Amino acid sequence: MGEKAFTRGAGILLSITSLPSEYGMGTLGNAACSFVDLLVDLRQKYWQIPQFDETDCIDETYQSYSVFAGNPYLIDLGALITEGLVTKEEVRFFEGLKKRHIDYKSVCKKHFQVLEKAYGRFDCSGKAFTDFCEANKEWMDDYSFFMFLKTFSENAEWFHWDGSLRNPNSDTMKKYGEKYAKQIGFWKFCQYQFFSQWNSLKKYANTRGIRIIGELPLYAKYDSADVWAHRELFEIDADGVLQVTASCPYGAAKDAHHRHPVPLYNWERMEKDNFSWWQKRIKSAAAMFDVLCIEDFSDIVKFYAEPLESSPEKSGKWHKGPGRKFTDVIEQASKNCKFFVGNLGTVLPGAKRLAAKMGWPVVRILPEAFNGNTADENLPSNYTDTKVVAYAGISGNMSMAGFFRDKTEYELAFLYEYLGIASKEEISDSIIRLAYSSVADVVIMRMRDILNPEWDNGTGLSVLQEVFQWGTGEDGLTEDRRAWLRTLAAIYRR
């Protein structure tokens with residue numbers, strides 16, 4: 001297998017929603033291009049964007065309605081004004097992003113009101129739009145129908161819809177498709193606008209030498225167009241009833257899986273056509289991103305399946321995953337896109353061996369290393385090669401300031417000795433410097449940690465809400481802070 005080597009460099013993790021905006025939260029507009037310019041100024045090479053697929057506006061940002069679709073909330077309304085689809089007066093009810101917390105649900109509702117007005121004035125017969133619909137027909141027809149039916153069913157999960165609507169091939173569905181073609185077309189319009197703007201942003205970033213990192217969760221959401229339209233690829237029955245869920249046999253992670261059950265793939269069925277659905281998914285993702293981080297990578301080797309109603313007599317079981325034959329297929333489908341894999345922990349050595357065979361770097365999370373164990377693999381002094389993507393924290397964690405704030409001096413003794421510091425106030429910058437100085441090919445810092453705000457998870461927000469509802473505001477980085485990051489990138493050859 002030919003290796004796709006990573007260029008040694010550093011990058012920043014920041015959600016597009018966190019960018020300054022006139023429309024309540026960040027979009028794919030001028031602020032996104034300005035952030036690319038900032039990355040260049042800071043001598044960065046990567047921008048990691050937390051997942052931005054279609055969501056429900058609440059707290060399931062990592063569980064999208066389609067693994068192929070983009071998030072309509074990120075469509076820049078300024079571009080629609082330029083196109084003449086809406087007027088400035090029609091978007092005046094938005095308040096600029098002045099605070100560090102985004103009223104995500106309210107903004108999404110207003111955003112859709114504007115998109116619906118724009119769609120009413122859009123020429124759906126134009127060549128660019130019809131070509132886009134044809135090129136993406138294989139997934140977008142299912143997605144747009146699914147999203148219309150969710151609206152029609154007052155946002156109920158598809159497995160709770162009326163029986164005639166659960167089957168996408170029923171006669172009732174054909175009648176709905178004809179009767180509500182205009183409403184279904186709205187969702188295609190949203191995807192057209194999203195991808196038009198996204199492609200322009202990615203082209204601008206790549207032209208300026210910035211590579212975009214995307215996140216690729218292994219599993220699809222139960223309440224998604226993917227499962228609704230292709231249930232034969234998942235371990236659910238013909239009526240859409242989920243019997244078992246992908247799970248984890250350990251503590252809090254197990255509880256999280258049961259709160260948001262996800263259907264297992266029918267890997268045997270998928271292998272029969274050489275994982276064709278996955279090939280399409282990877283080709284789509286590889287067209288959007290330059291680098292992909294595969295989450296839940298261990299499940300490709302071995303996964304734990306558990307009944308939804310578990311009991312001592314009805315416990316979960318481990319099953320063998322598709323393994324190397326699957327990773328070879330997605331590597332071939334990805335063309336020039338590079339892969340790395342999420343933090344594997346110490347549970348499945350087989351997953352580490354597979355990642356090594358594929359030549360895919362593995363995530364190491366620095367804050368987790370300072371537990372007093374000098375052999376911890378997350379410590380940079382224990383990296384055995386350069387195939388590492390080092391984080392001071394990832395999108396599912398609180399800020400470094402928050403992570404260490406309640407630690408006792410006794411608990412921090414090893415960290416102080418390792419970093420050569422004497423106080424909590426020095427931790428964030430020292431860990432960033434440590435990551436930059438390591439042999440890791442790629443280092444990713446979160447914008448919150450670079451801004452170094454005294455802000456933790458005591459805000460009443462869930463961890464996911466904390467990440468996606470937090471905004472950078474308009475203060476940005478001071479010149480001293482910029483100079484410090486440039487210096488780190490220079491002296492550590494990033």
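**Entry 1: terms and ground rules**

I wrote down first that a residue is buried when its relative accessible area is under 20%, exposed when over 50% and partly exposed in between, taken with a 1.4 Å probe and protein chains only. The model is predicted, so I noted that local features need pLDDT of at least 70 and side-chain atom pairs count only at pLDDT 80 or more, while totals for chains, interfaces and linings use all residues. Residues are numbered from 1 along each chain as its sequence is written, and side-chain values use heavy atoms, with hydrogens and water left out.

**Entry 2: the whole protein**

I looked up the elements and found 20 helices and 11 strands, where helices (H or I, at least four residues) and strands (E, at least two) are DSSP runs numbered from the N terminus. Of the 494 residues, 55% count as buried. I then turned to contacts, meaning heavy atoms within 4.5 Å, and read that, of those with a separation of 6 or more, 75% join residues 24 or more positions apart.

**Entry 3: helix 17**

I looked up helix 17 (residues 427-437) and saw that 8 of its 11 residues are buried, so the helix is largely enclosed by the rest of the structure. The buried residues are I427, S428, S430, I431, I432, L434, A435 and Y436. They pack against several elements, among them strand 1, helix 16 and helix 20 (479-491).

**Entry 4: strand 5 and its partners**

Next I checked strand 5 (residues 291-294), which is covered on both faces, with V291 and C293 buried on one side and L292 and I294 buried on the other. Two strands pair if DSSP finds at least two bridges between them, and strand 5 is joined to strand 3 (residues 211-216) by 4 bridges, the two running parallel. Here G214 stands opposite L292. Strand 5 also pairs with strand 8 in the parallel sense, over 4 bridges, and I found V341 in strand 8 as the bridge partner of I294.

I followed another group of 3 strands, which form an open sheet in the order 4-6-7 with antiparallel pairing. Strand 4 (244-247) and strand 7 (317-320) stand at the edges with a single partner strand each, so one side of each is left without a neighbour in the sheet. Strand 4 is joined to strand 6 (residues 302-307) by 4 bridges, and S247 stands opposite Y304 in strand 6.

**Entry 5: rings**

I looked up aromatic pairs, for which the rings of Phe, Tyr and Trp (its six-membered ring) must have centres within 6.5 Å, with planes under 30 degrees apart counted as stacked, over 60 as edge-to-face and the rest as tilted. The structure holds 51 aromatic pairs. One of them is F6 with F340, edge-to-face at 6.4 Å centre to centre and 75 degrees between the planes. This pair links distant parts of the chain, since F6 lies in the segment before strand 1 (9-13) and F340 in strand 8 (residues 338-341), 334 residues apart. F6 is buried at a relative accessible area of 12%, and F340 is buried at 0%.

I also noted F370 and Y418, whose ring centres are 5.5 Å apart and whose planes stand at 75 degrees, so this pair is edge-to-face. F370 lies in the loop between strand 9 (362-365) and strand 10 (388-391) and Y418 in helix 16 (residues 413-419), so the pair ties together parts 48 residues apart in sequence. F370 is buried at 9%, whereas Y418 is partly exposed at 27%.
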